[in-house]
Amino acid sequence: DFSTLKLRKQDGDDKDYSENDIASLMSKQDEVQWRKMAESIHAAAQGRPSIVMCPNSVEIAKIVAYHICGAAGDKGAAQPVYGAQGDEADDLMKAYKKGDFPYIVAVKKLEKGFDHDEVRCLFMLRKTKSRRMYEQFLGRGLRPLAGVRSALNAEPTPQGRVEILKASAKPYC
């Protein structure tokens, strides 16, 4: 329940929810709540390549990944990725792209510059008023498959592009 969160001034005149406030609120969840959230994520994604965006808390990312692994019945199904991991984060992102595990749980790591057209599901566990942040995250999943891009670029009509996407192996995200 994010209703108690207050908007705070961010960069410029923008207002958004504090990462610390979100993390503090989420850290108060009990095991049952974590498990239910993870079960819901796994039920919706069904093991398809997915990104789970967490607030700026490595602890929360680790808890979420742990519970997703439990929901999936596979202790390696979800991996947390965050900046302080350094080269390990890069290795995890490469392994995710290879299909070594279906869920990547991100803390300030995949918002920009991460391209993987196989992503099928996105889960935003971080409340935001920032359109830019939301669109950046949404872009992680809306990339069409590489094999479809040239046909999309060649198609002059919006309806034709929709039909190409519908017929592809990734008709939606």
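## Asp30 and its loop

With a relative accessibility of 40%, Asp30 counts as partly exposed, a class that lies between buried (under 20% relative accessible area) and exposed (over 50%), judged with a 1.4 Å probe and protein chains only. Asp30 sits in the loop between helix H1 (19-26) and helix H2 (31-45), where helices (H or I, at least four residues) and strands (E, at least two) are DSSP runs numbered from the N terminus. Asp30 and Phe2 are separated by 28 residues in sequence and by 16 Å in space, C-alpha to C-alpha.

The model is predicted, with local features needing pLDDT of at least 70 and side-chain atom pairs counting only at pLDDT 80 or more, while totals for chains, interfaces and linings use all residues. Residues are numbered from 1 along each chain as its sequence is written, and side-chain values use heavy atoms, with hydrogens and water left out.

## The two sides of helix H4

In helix H4 (residues 87-98), Ala89, Leu92, Met93, Ala95 and Tyr96 are buried. They lie on the same side of H4 because they cover an arc of only 160° around the axis, the arc being that of the directions from the helix axis to the C-beta atoms. On the other side of H4, Asp87, Lys94 and Lys98 are exposed.

The cover over the buried residues of H4 includes strand E3 (50-53), strand E4 (78-82) and strand E5 (103-107), with contact meaning heavy atoms within 4.5 Å. Just after H4, Gly99 adopts a positive phi of about 95°.

## Leu138 in helix H5

Leu138 belongs to helix H5 (residues 131-139) and, at 30% relative accessibility, counts as partly exposed.
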